[in-house]
Each structure stands twice: as structure tokens, then as C-alpha cells.
Amino acid sequence: MSTFKYVTFPVLASALFLASCGDNQTSQPETEAPKPVETDTQTVDETSEVETIDKFTYANYEDVRLTHIDLNLDVNFEEKMLDGVATLDFERINPEVDTLVLDTKDLTINSISLVNGEMTTPVEDYTLGEADPVLGQELRIPLSKETEQVLIDYTTSPTAEGLQWLSPEQTAGKEDPYLFSQAQAINARTMAPLQDTPAVRLTYSATLRVPDGLRPLMSASQGEENENGEYQFDMPQPIPSYLIAIAVGDIEFKAINDHIGVYAEDYILDASAEEFAETPMMEEANEELYGPYRWGRYDLIVLPPSFPFGGMENPRLSFMTPTLIAGDKSLTNVVAHELAHSWSGNLVTNATWRDAWLNEGFTSYVENRVMEKLYGERRAVMEQSLALEDLKRDIAEAERPELTQLKLPADIAHPDEAFSQVAYVKGQYFLIFLEERFGREAFDPFLKSWFNDHAFESVTTETFLDYMDENLRTDYPDAVTDAEIEAWVYEPGLPDTAKVPQSDAFEMVQTQSDAWVAGDISTFELEELAADWSTHEWLHFINGLPDDLAVEQYEDLDKAFSLTGAQNAETAFAWYMLAIKMDYEAAYPDLEGFLLTVGRGKFIYRLYEALKENGKGEWAQRVYAEARPGYHPIAQRRIDDILNEG
Ligand code: BES
Ligand code: ZN
């Protein structure tokens, strides 16, 4: 029915294939022939016809594709490296293929062998390509016709971007070291040689040896200790490489129910279990909307504060920042978000980072639906509204308009560029737009079948649009026009068909704020009015304050509400952003403390940026020099760029 300007067609013989697997919970994926993936040729701009191939991988995954990786590794804290053997299983898409090309970054390859039945033959003529600062090095391994498996003996680098090694002093317990990984987007290749693209799905298993007294965890079945004191893990469902994850430390566990629980260092374990106590309700709400949770257990681990994200949806074990432990469950939408990825992202995965909105936009939408179901429309709309402000800022600040399209251009320089608020919030608002046009009665079952019909597949934006044409638009041909969809997906900015969130709560805050700013009510009166504000209302208030207040007004607010040093990390962050813009120096000692202890990118990148832009570059450099060794390598790279550019 559609006269869209994108066209899709099945690719010919040797072209791109993606894994197709049953939705089976525990057994190995079926080994049926893979389905051809539909490649798209965008004709929106006739000059940039681009195939849907992931350009952030060296892998020849159109010809040969990994199906399983087994990792047999020592976790060596002295040397800060993983050391051992990766055993790779693969399938030949192209029977003529004679080379396996893998991604590596900062890996030392000690030796490679080919396995054929009982025979293991060393390979001498593999090649490791030149190092590219983004992609790393390609590893080309010649295969013989009979090769069944490839064994790679390798070691990671102490500076691997996907791994953070913390000394005992950097942990809360101070006695044991800690390791955690962050593979998304393209750092799995710093942990193991593999095809590091979300277009390829593979199962994995691992055997880990860790120092006595430490507990290893992975995004898999949770480590059984064998008779040799090794821990064994199994992930029998095919996942993209960016979901392989590891954490090792002095980690304790507290159950929330029979299949949900929290891992954390002792100091924060009880508080975390309390903060996340409503996770089972979130899971139920998600299941009611979109079908069964398919991954068995769902646990959360609260990591050290240098974890550079709010959360990371590693399957069966979401990784979470301790800055969520606010004491009042006000920031648990991040739990709803990471859990929602169990449907959008982990089950149905973006095939390339240009399609990141399929992961993050869908997940932000599902997250908000779950929040609405559990906590009501008032909270859900406040969260939509705060998110929209962030989106508007990112659109205004975008380096070029193409980066504000949902389907990103082919020439993004790094997958990081795919994760602005555009993927998250414009993606979410696109789905809200569709929901409103089709109505929940039609849209909810449609999304549920999207997740079902593409379970354990990697898909593109065009796969989704085609699926919507066939399974929704045919039944409601007048609900949306091609031009409206085109504007959302392939054009920059926020379309005028976007919903305008109406938050009565925020309107009330605005009225009160305006009155206080104008001097019509005193700070004392504001204190009474604000007594029952939630964190969301505080954020709206702080973010909306004009930038020409007198210093005394900041002081008054600060005295009344102790905003400097606020316990809630989101509130503290909003206040420090304002303090930087307004030169409110009284907040600086606490801001420094914040920057020295918190490594969550969402906060610290913007704080360093604001400091630099507001003439505080030197102060920022001084604090950063002290903070940098404690930051995650991902955060170090980003802040090095922020403070050094221009
Ligand atoms: N998958 C992301 C985190 C991520 C994005 C890691 C890009 C690496 C590259 C995760 O699900 C996420 O979106 N986290 C958000 C929280 C969310 C509520 C918006 C975060 O970390 O702030
Ligand atoms: Zn996400």
C-alpha cells in the first residue's frame, strides 16, 4: 500500500543474512537455514544509496557467521587482563568462503588453531590488520574446507575500552578489586575476538577463573562453581555481541522474588533491594502488554559509581549505576527501561547502529507505558515532558541536521553518535504518535506481535516500516500518511505531529515558580508549596529557572532546599548545571565532590561541557586531572574530547 521512498528487497545469494531462531527459552537455537535479511536501498536521497550493512565491523558476516563463542579465561587482576582461549563455532553462508574475518581491539593474539574433528592444527598465516582508532584491528584467519572450529589464545589489554579494572581502594569495601565490562556499542572486540556487529547473533558459554573470595557474574546463567573452583556460564539464547558482559568483585546477592534479585557490594545491597522492590510489578506490566519474559531470571547488579551509564540491558543481568539508589524509588524508570530492553533490543535487535532508535526509542516507549500502568498517567506524562526538553536541546545542538533523523545517515563517525536523545525520545514520540493515530486497541497487539514475529532477530528500520504496512496500515489505511511517517523517520527535527505532553503537575509548578521569580511569593511560601513536590517536579522547577536571577535568589533557594549536595543525583545534577551557568560558586565544592565520585556519563559529560563553555575550563581541567583515573575508559575518551577540542 505504501508509496514510501524506501524500497526493500531480498538480497541475492551471498548477501546479508541474519540469524533466525526459535523463541525457545533454554535450548540451543534451531539450526535451520538462516532467513535472508531484507536489505534496503534508501532512495530518499538518490545520491546516497546505502545498503544496510554495519560499517562498524570488519567481519565478513555475509559469508561466514559466528554461531557460538566459548570463553575459557583467567581474570587476572594483577595484570589487569583477561587471558585464555576463545573457541568459535560458525556457519558458512557462502560455501566458497576461505577466510574468517573478526574484529579485535587492543587484543594480543598468542596463537590460533583450527579444529577439525579430533585434529587441531596451528595456523601461522593469520593476519592482524592496522589499528583504526574506532574499529580496532581486523583479524583474518584462513579456513580450510574442513574447519569446524577456530581456537584463539589471546589476552586483553589493561586499557581495553570495554573493561574497567578497579583497585580495592576504588571500591566501597576497600579490600578487593573489581572488574566490570561495557560492550555496547563496539567494545566486545576489546574483550574477545569476534564478529562485533549487532547483525550477528550468537550463543555463548564461559569458564572463568577468579581470585579466591571474588564472585564472577555474566549476562548468562549465573556461574556454577565446578570442582576446580572455576565458574561456568551459559547463554543458550542467541544474542548480539554487545550483550556479552562480565562483572567480578566482592558481590553479594539479595532476592526480590523467586526469579528476580539484586547483586551489589554489601554497603548498598539492602538499599538496592528496597529501591528496586517493584521490579516484579514492572515485569508483570511488561508481560501483560507485550508477552512473556523469555530470558528466565532477571537480576540487577548495582555497580561501583564509575559505571558510565544509568543502566545497561545485559540479558538476565542489567547493570545499574548506584546513582539510582535515591531512597524513594523516584528514579526507577531506569529499571523499567533496562527491563523493557528484554523485548525491544535484546529480543528484537537493531541490525546496525544507524537503526539504534529501534532499540532505544521502542524501549523508552515501553518503559513509559510500564510506568504509566504502575504509577499512573501523572508520573508518566511528567517523565515524557522532561524527556522532551532533553530532546529539544539535543536537536538544537545537533552538529548536523541528519543526526536528528531516526534512521541515521550512513556516514556517522562512531556509534556513539547514534545515542542522542533523538534515538530515545524522538523514537518514543514517534511510537506515541502511532499509538494515538491507531488507538491502543490496535497498536498494543501490533507491537506485541512485532516482538513475537521478530524474536531473536536483528532488524532494520525498513523491516519495521514494512511490517507496519502489512500488519497495521492495511487495516487502518487512513490513520497515518506516508508523508507523516517519512517526516518522523527520514527527516530531521521534531515533526509537528508530535504530541505535546500536558502535565498539570508541571503547570502548577510553573505557576508557583513564576510567582516566586517575580517576587509575588516569598521563599518561605514556596517552601510550603514545594513540600510535596516529587523529584520530577523539582527537576522541572530547576530546569525552568530563568538565567538572570540575582545570586541572593540562588542562595535563598539553596538555603531553603539544600540543593547543593542534594542526595538525589538527578536533582543535584540539574542544580549544578544551573550553578555553572549562573556562576553560583557556593555550589562548586560539592560539584567537585560529585565529579570526583560519580562517573555516569549523562551527568559528567554535560557538566564538563558546561564548565568549559562558561569559562571554567581551567577549574574543570584541574578536577578532571584528579578524577580521570577513577573514570571508566569510555568516559575518559569522551571527556578528553570535550576538554581538548576547540
Ligand atoms: N543501552 C543503553 C546504554 C548504552 C547506550 C550503552 C549506548 C552503550 C551505548 C541503556 O539501555 C540506556 O539507554 N541507559 C540509559 C537509561 C535510560 C532510562 C535512558 C542511561 O544510561 O542513561
Ligand atoms: Zn536503553
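Begin by selecting helix α4 (residues 356-375) together with helix α7 (residues 440-453), which pack at an angle of about 125 degrees with their axes 13 Å apart. The crossing of α4 and α7 is left-handed. Please note that the model on display is predicted.

Next, select ligand 1 and display the residues around it. The shell holds 15 residues, of which Gln 184, Gly 310, Glu 313, Glu 338 and Tyr 424 come nearest to the ligand. Coloured by class, the shell shows five nonpolar, six polar and four charged residues.

Now turn to the polar side chains facing the ligand. At Glu 313, a polar side-chain atom lies 2.6 Å from a nitrogen atom of ligand 1. At Glu 360, an N or O atom of the side chain is 3.0 Å from a nitrogen atom of the ligand. Select His 337 as well: an N or O atom in the side chain of His 337 is 3.1 Å from an oxygen atom of ligand 1.

Strand β23 (311-312) and helix α3 (333-340) each supply at least two residues of the shell around ligand 1. Which element gives the largest share of the shell? That element is α3, with three residues.

Definitions and conventions: Residues are numbered from 1 along each chain as its sequence is written. Chains are lettered from A and ligands numbered from 1 in the order in which they are written. This is a predicted model: local features need pLDDT of at least 70, side-chain atom pairs count only at pLDDT 80 or more; totals for chains, interfaces and linings use all residues. Side-chain values use heavy atoms; hydrogens and water are left out. A residue is near a molecule or strand if one of its heavy atoms lies within 4 Å of it. A polar contact is a pair of N or O atoms within 3.5 Å; within protein, one must be able to donate a hydrogen and the other to accept it, and residues adjacent in sequence count only if both atoms are side-chain atoms. Helices (H or I, at least four residues) and strands (E, at least two) are DSSP runs, numbered from the N terminus. Ala, Val, Leu, Ile, Met, Phe, Trp, Tyr, Cys and Pro count as nonpolar, Asp, Glu, Lys and Arg as charged, and the others, Gly among them, as polar. Axes are lines fitted to C-alpha atoms, for helices over the stretch in contact, and angles run from 0 to 180 degrees between N-to-C directions. A crossing is left-handed if the near helix is turned anticlockwise from the far one by less than a right angle, and right-handed if clockwise.
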